[in-house]
Amino acid sequence: MSLLKSLTSNSSAFNFKPTQSTMTHSSPYRVRCYYEQLVPPPGKLTLLTCFIPKGSHQLKWDNICSSKRRSRGPVMAGKKASEGIKQEDGKYKHTVDLPKTTFGMRANSSVREPEIQKIWEENQVFKKVVEKNSGANFILHDGPPYANGDLHIGHALNKILKDIINRYKAAASPFIVNVLVKSMSYVQMLHGVKQGTILLLCFSGIMSLDEKARNDLTPLKLRAKAAKFAKETVKKQMSSFKRYGVWADWNDPYLTLDPEYEAAQIEVFGQMALKGYIYRGRKPVHWSPSSRTALAEAELEYPEKHVSRSIYAIFRVVSAPLTPSSLLQEFPNLCLAVWTTTPWTIPANAAVAVNPKLEYAVVEIKSLAEPDPSSGGKKKKGLGLVLEDERKPFLIVASELVPSLEAKWGVKLDVKTKQLGSELENYRYIHPIDDRECPVVVGGDYITTETGTGLVHTAPGHGQEDYVTGQKYGLPIFSPVDDDGKFTEEAGQFGGLDVLGEGNSAVVKYLDEHLSLIMEESYEHKYPYDWRTKKPTIFRATEQWFASVEGFRHAAMDAINHVKWVPPQAENRISTMTSCRSDWCISRQRTWGVPIPVFYHLQSREPLMNEEIIDHIKSIVAQKGGDAWWYMTMEDLLPTKYRDKAAEYEKGTDTMDVWFDSGTVLHGSSWAAVLGKRDSLSFPADLYLEGTDQHRGWFQSSLLTSVATKDKHACFLVLGCVVENWEGKSEACKLILGWSFDCVDLLVEQSEEYQGKAPYSSVLTHGFVLDEKGLKMSKSLGNVVDPRFVIEGGKNQKEAPAYGADVLRLWVSSVDYTSDVMIGPQILRQMSEVYRKLRGTLRYLLANLHDWKTEYTVQYHELPRIDQHALFQLENVVKNIQGNYENYQFFKIFQILQRFVIVDLSNFYFDVAKDRLYVGGSTSYTRKSCQTVLAAHLLSIVRIIAPILPHLAEDVWQNLPFQYITQDGSISEYVFESRWPTSNERWLALPTEEINFWENILELRTEVNRVLEVARTGKLIGASLDAKVHIYTSEDNLASQLRELCATKNDADTLHRLFITSQAEILPSLDDEHTVNIPYSGECLIQGKNKVWIGISRAEGSKCERCWNYSQQVGSFLGHPTLCSRCYDVVALQMPPQVAAVS
């Protein structure tokens, strides 16, 4: 397994497995020790046999695997000196190059992050980054957030994901990514607010007013209050987004209540209407009595545990088709049994539907079953009076449901005969309330035997499936319910009653009194609620404006196939929704939002809407805004040719659905409004990114309006003007504009590419945020995670510390957002710890480069082997991380960073490097080579984490001890001016043999550390520098490579430096003469095949006072008898004192 694969694997390279190991000494005495051994992947079985002195205690795995007792002599001594702790002899402490930096270990994010954001704002860093970029457009179209209050953790997930992408594109690509700034380009992040969101104002503020105050609230006053509320909320939300570290052109956001967008929306509506895609009709729609308006599916929520009053009712059959086998001839008192959870719709019943493929049975109610003894002999609660009547009816029910109905009703049902549903068609029954004759009809696959009776009460005015069936049979669309959800006079005796309250009860009571009710019971299920008012909705037929999806459904399905969906299964979801979507109700009964530009004849109620009227209204709205529809007179709103008939018409009061608002911002004829004012915008957008619920919301509304307006329709932006239907106009436009024929033809060609296209090239969806237990967040459960408290902390800073925006962003990067994600106190603590370790790594790099200058750089071919390998690792990681940024797989970036930066880099390269950094000499070749590598790591790591952790990256950048010069010769004052690390193919070109060699070394080092820990536990050594390592292997190539390291003149690559021991030697054999004085040893397999013997003895010679390495040369230098030869050479250079301290 390659090291790179080990670094970047999604799963751990090791698994924990109980293992038995035998450890012995050279004497006959043997000790067995049980511990948890790290088991490498297949093919890398590690065998370890350690020899320990007689009488030693049983070893623990924690001791064997511990790496805490590494040699830290110079570090600890220097650190104590810097802290004022007295040393026995500190005369050489000034010659040790200890780390030094002003970059603090503590983030102090509640103070530092706002300071950094202020630096960005005051120095217009975002603008500078944008102006330096050139290339093609990258457009991330941000869906308009609802301006309905404070942001929650879901908003944070969404906006931070978008910002990570934006910042990456800003750093890594040559794209012009437009941020809605004139003549400025970079990542396109459109921010806005939906018009309809101001509805919440009405319920939180307006509904709290007294009746007189509400009556005095005219449409214009309401719109003014709503607009003010929305804009204040936008400002508040914008402040929160900034605190998250989100970058955008906050000075120029798009708001869908701006006149230019309202006018563009009217134009898109007009295009669809003139193509015949929009019509007015009477159909059942989701209706909210609490807000008195129709609702889209995306405006509904389905809370758990809604309880409805369900009933089993019977309708008496009065006639049957003239066939020899008529059931009425045999069963004169025959009834149809139906089940419904909406008894209030019974007055609107027009038919009973059956499934033609199901088998139905005629059953006789023989007798009541024996009462349940536990009920005290009482009859089953909820049973109707008809069951007490002597003349019990015969019932028609689905054969499959007979047993379950017997159990539920508590009766015995005797099956008399059976028939297919298709044979019941055209039977007729008497309506149980108004004595109308109604037919039995054949329905669709929605009729099942999962619940109910297998027969469906059908009211075309109160259900979509009922409506479709009713259209097939020409059934009346009867809906005797008003805007407030109360029965109208058409409902007779029920008039004025609330259908969801008293009206429901009255219908049930009536049915029971007239022997039409078998049973009533509570039924718990999901039911549509108005997501704003949190109150139940109803299905109700009203006159509405609809967009007919059927006219362009095929084009929409084709467009979906040309979009990249992340995750891929998202395509199935939106395809299913689009393929079976009914016509889209786009009208709302509200006085806020964009008006539908239509006039109605006072007598005939026929709508007046054509191209001339739409263009006229569009021009008015573009200049004066949507309010003009309410304050301008009919004469002014109508084009000149219609003004003499103004008295015969009245303007409509419906507004457009909010999803139509948001779905028309970037595409369609809004090009004239958006592209004319915002340079570098192009169609389609590169990316939409929202939650999974937007498959039925914004993703779909954007798709449908885009395809509908572009299907077989040419629309060009020509000097701010839209030229439609190019045929017959191309010649004139070429002459008028003075353009060449090639230029105009190119526009035609490009426009044809847009026909029938989705407004996005890619769509990324994320799941919802749950608590740590996977539960939905709820105030009642007390498990809500507020992003503001995550960043700023709670009242009790110990229980709810201020983690800062970067820890929140780190959490976002750590989760697989393609499904639901979890967050809570424990997860945040884990993220904080990862952040702390990452910050510590960056601090180590900064501190050890405090005296670094770029002219000290050691050329690659002159670097020690360990340094070349470190650069190979770094370049692989950078390349791998970039690939995951491109694929939006940020959780893999988190895993790679955690493994490489925090674990592998710190535990190996940094650990080994400390010796030459601190005591190798300030001007030594090995120290400069190490600093060359550290500088490369610092500059790369800080830039690859910047999209995720921008505050940390900028904080590091502001503490750089040297200037960074870009390829164009400019100084990067801020991290995002430095761009993405340039790929270095030479670093990646490390020979395969060298890569394999370092894999062997790293694995061998791990095994050496294990035996060192055994020796330390046995009191042979304290720190690892007290030891000498002895290695033997019969594998000639490996032995040769190890001898080469032992003999190298390059101190950085010497084997004992890699082991952090004082000496290391390669034994020629395991004869007694070579091993007799080695008290501890063990064996292992390297790469699963090369057997290696490892021995540990005390290091030879005396301990150097300065570097703490043991050497036989200590005592050989006059004037410096306590130094080894290396330290003597450093001190002999008579370097000026440098008292370094870690800040």
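**Close-up 1. Lys162 pairs with Asp142 in a salt bridge, with the closest N and O atoms 2.2 Å apart.** A salt bridge here is a side-chain nitrogen of Lys or Arg within 4 Å of a carboxyl oxygen of Asp or Glu. Lys162 sits in helix α6 (residues 153–172), and Asp142 in the loop between β3 (139–141) and α6, so the pair ties together parts 20 residues apart in sequence. Helices (H or I, at least four residues) and strands (E, at least two) are DSSP runs, numbered from the N terminus. Lys162 is buried, at 0% relative accessibility. Asp142 is buried too, at 0%. Buried means under 20% relative accessible area, exposed over 50%, and partly exposed in between (1.4 Å probe, protein chains only). The model is predicted: local features need pLDDT of at least 70 and side-chain atom pairs 80 or more, while totals for chains, interfaces and linings use all residues. Residues are numbered from 1 along each chain as its sequence is written, and side-chain values use heavy atoms, leaving out hydrogens and water.

Close-up 2. An α-helix has 3.6 residues a turn, so residues three or four places apart point the same way. Asp163 is buried, at 0% relative accessibility. Arg167 is buried as well, at 0%.

**Close-up 3. Lys641 forms a salt bridge with Glu612.** The closest N and O atoms are 3.9 Å apart. Lys641 lies in the loop between α19 (634–637) and β25 (649–651), and Glu612 in helix α17 (residues 611–624), so the pair ties together parts 29 residues apart in sequence. Lys641 is exposed, at 53% relative accessibility. Glu612 is partly exposed, at 36%. Elsewhere, salt bridges with shared partners join Glu299, Arg532, Arg588, Arg590 and Asp657 into one network. The structure holds 56 salt bridges.

**Close-up 4. Ala350 is a buried loop residue.** The loop runs between β9 (334–340) and β10 (351–354). Relative accessibility at Ala350 is 5%. Setting aside residues up to four places away in sequence, Ala350 touches Tyr429, Cys438, Pro439, Thr458, Ala459, Pro460, Leu475 and Pro476. Contact means heavy atoms within 4.5 Å. Ala350 and His431 are 81 residues apart in sequence, yet their C-alpha atoms are 8.1 Å apart in space.

**Close-up 5. Ser516 is buried in a loop between α14 (502–513) and β17 (517–525).** Its relative accessible area is 8%. Apart from neighbours within four places in sequence, Ser516 contacts Tyr312, Ala313, Ile314, Pro432 and Leu511.

**Close-up 6. Helix α29 (residues 890–918) bends by about 60° at Leu905.** The bend is the angle between axes fitted to the seven residues ending at a residue and the seven starting there. The helix has 29 residues, but its end C-alpha atoms are only 36 Å apart. A straight helix would reach 42 Å; the expected span is 1.5 Å times one less than the number of residues. Of the 29 residues, 23 are buried, so α29 is largely enclosed by the rest of the structure.

**Close-up 7. Residues 1101–1130 carry the UniProt annotation "domain: Zinc finger FPG/IleRS-type", from an unreviewed entry.** UniProt positions follow the numbering used here, feature names are shortened, and annotations may be inferred rather than shown by experiment. This stretch is 20% helix and 13% strand. Its end C-alpha atoms are 20 Å apart.
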